[in-house]
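Trainee: Could we go through this model together, one spatial feature at a time?
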Amino acid sequence: MTFKRIFLIVMDSVGIGEAPDARAYNDAGADTLGHIAKFMDGLDMPVMGKLGLSNIKEIKGIEKAEKPQAYYTKMQEASVGKDTMTGHWELMGLHVQQPFQTFPNGFPDALIKELEERTGRKVIGNKPASGTAIIDELGPEHMETGALIVYTSADSVLQIACHEEIIPIEEQYRICEIARELTLREEFMVGRVIARPFIGTAGNFTRTANRHDYALKPFGRTVMNELKDHNLDVIALGKISDIYDGEGITEAIRTVDNEDGMTKIVESMDKDFTGLSFLNLVDFDAKYGHRRDPQGYGDALEAFDDRLPEVLNKLQDNDLLIITADHGNDPTHPGTDHTREYVPLLVYHTGMDQGKELPIRETFADVGATIADNFSVPLPSHGTSFLDDVKRR
């Protein structure tokens with residue numbers, strides 16, 4: 001075992017330029033980081049810059065490091081799709097060959113009818129929409145009638161928005177459990193059902209932190225399963241537990257936003273454990289990418305950079321830090337969905353004199369293979385470890 005603890009941070013949706021197959025996904029020209037930097041006339045991210053972010057691809061405002069502190073490269077997604085589950089599952093060694101079903105025209109009448117019958121509530125909406133826009137549009141009707149606001153996106157997701165004072169949160173979760181059961185059928189096969197609670201009054205609705213994801217279980221064993229089965233720790237921070245439906249996780253800790261996520265990973269660094277601490281920072285994607293808000297996205301990136309020294313300063317001699325992403329979500333690109341992009345990969349530990357460029361990775365699964373290699377558990381069938389390239393000499 002080279003490292004006792006590995007800290008993996010996924011900056012949800014922080015892509016770094018179109019992937020070679022972007023055109024097949026209608027994403028030609030997508031560049032999440034690049035376009036945000038141009039919109040803001042430069043990003044102020046000195047810590048990520050010193051690690052080597054602009055050495056991967058030059059980003060306006062972020063100085064290219066003469067002596068990058070981290071190993072750096074970018075990764076291409078091998079799986080079919082560009083959603084959160086596909087990206088995360090691939091990070092842990094799975095290769096998704098069949099994309100999850102999406103519903104650009106809303107969900108089938110048969111599914112909606114059965115959901116209404118099973119819950120005793122009518123459904124309104126049933127269309128692709130921005131989560132904040134649809135509660136502004138249908139929130140008043142929901143509050144008058146108690147009907148469920150159902151919507152989707154370009155992802156394979158069925159989302160149910162309800163006001164917490166109209167439908168108690170426990171009932172909202174029960175409704176989503178029913179929806180999860182229904183959408184497991186082969187003719188539907190939705191990747192995730194998400195509870196999207198909100199509060200407030202017409203014209204002033206706000207989504208709460210009581211979001212809950214009901215995901216499919218990974219179709220195969222992941223590196224996290226191997227770690228857990230070999231009595232190693234897998235600490236899931238943020239929505240990681242939801243994405244993997246609890247599989248391979250020894251401790252799950254919820255977060256309310258990116259700031260809280262950074263606080264939670266710093267707190268996990270005070271724990272004496274052997275294994276993986278795995279954080280997803282969802283705000284980049286959910287609050288800014290899907291809402292096509294480059295200013296908010298840029299501000300969030302700079303806020304992340306402000307918090308990163310806390311993580312770097314707490315790294316012990318036998319710790320490894322990996323920073324990456326799971327797909328793109330270019331807020332300047334048409335539509336409101338994810339974008340098929342390369343993702344950055346930065347790898348750092350305190351025993352380094354200087355980082356260097358790694359070969360471009362052909363699959364996200366190289367991250368999982370590296371983690372498995374480090375802890376001497378069975379390697380996934382996909383992915384190539386880069387542990388020998390980054391460990392101490």
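Predicted model: local features only at pLDDT ≥ 70, side-chain atom pairs only at ≥ 80, totals over all residues.

Mentor: Residues are numbered from 1 along each chain as its sequence is written, and side-chain values use heavy atoms, with hydrogens and water left out.

Trainee: At which residues does UniProt place the feature "binding site"?
Mentor: The entry is unreviewed, and UniProt annotations, given here in the numbering used for the model and with shortened feature names, may be inferred rather than shown by experiment. The annotated positions span 316 residues in sequence, yet no two of their C-alpha atoms are more than 7.2 Å apart, so they gather at one spot. According to the UniProt record, the residues are D12, D326 and H327.

Trainee: Which residues lie nearest the centre of the largest pocket?
Mentor: A pocket is an open set of points on a 1 Å grid over the protein atoms alone, with protein on both sides within 12 Å along at least five of seven lines, and its lining residues have an atom within 4 Å of a point. The largest pocket holds about 490 Å³ of space, a volume being the space filled by probe spheres set on the points, which are joined across faces, edges and corners. Its lining has 25 residues, and those nearest the centre are R196, T208, R211, V256 and K287.

Trainee: How many residues of the lining of the largest pocket are charged?
Mentor: Ala, Val, Leu, Ile, Met, Phe, Trp, Tyr, Cys and Pro count as nonpolar, Asp, Glu, Lys and Arg as charged, and the others, Gly among them, as polar. On that division the lining of the largest pocket has seven nonpolar and six polar residues, and the number of charged ones is twelve.

Trainee: Which element gives the most to the lining of the largest cavity?
Mentor: A cavity is a set of grid points where a 1.4 Å probe fits but cannot get out, and the largest cavity holds about 260 Å³ of space. Its 22 lining residues include R196 and H290, which are among those nearest its centre. Helices (H or I, at least four residues) and strands (E, at least two) are DSSP runs numbered from the N terminus, and β5 (157–163), β6 and α11 each supply at least two residues of this lining. The element that gives the most, with three residues, is β6.

Trainee: Is α1 roughly parallel or roughly perpendicular to α12?
Mentor: Axes are lines fitted to C-alpha atoms, for helices over the stretch in contact, and angles run from 0 to 180 degrees between N-to-C directions. Angles under 35 degrees count as roughly parallel, over 145 as roughly antiparallel, 65 to 115 as roughly perpendicular and the rest as oblique. Helix α1 (residues 32–39) and helix α12 (residues 294–314) pack at an angle of about 105 degrees, with their axes 9 Å apart. That angle makes α1, relative to α12, roughly perpendicular.
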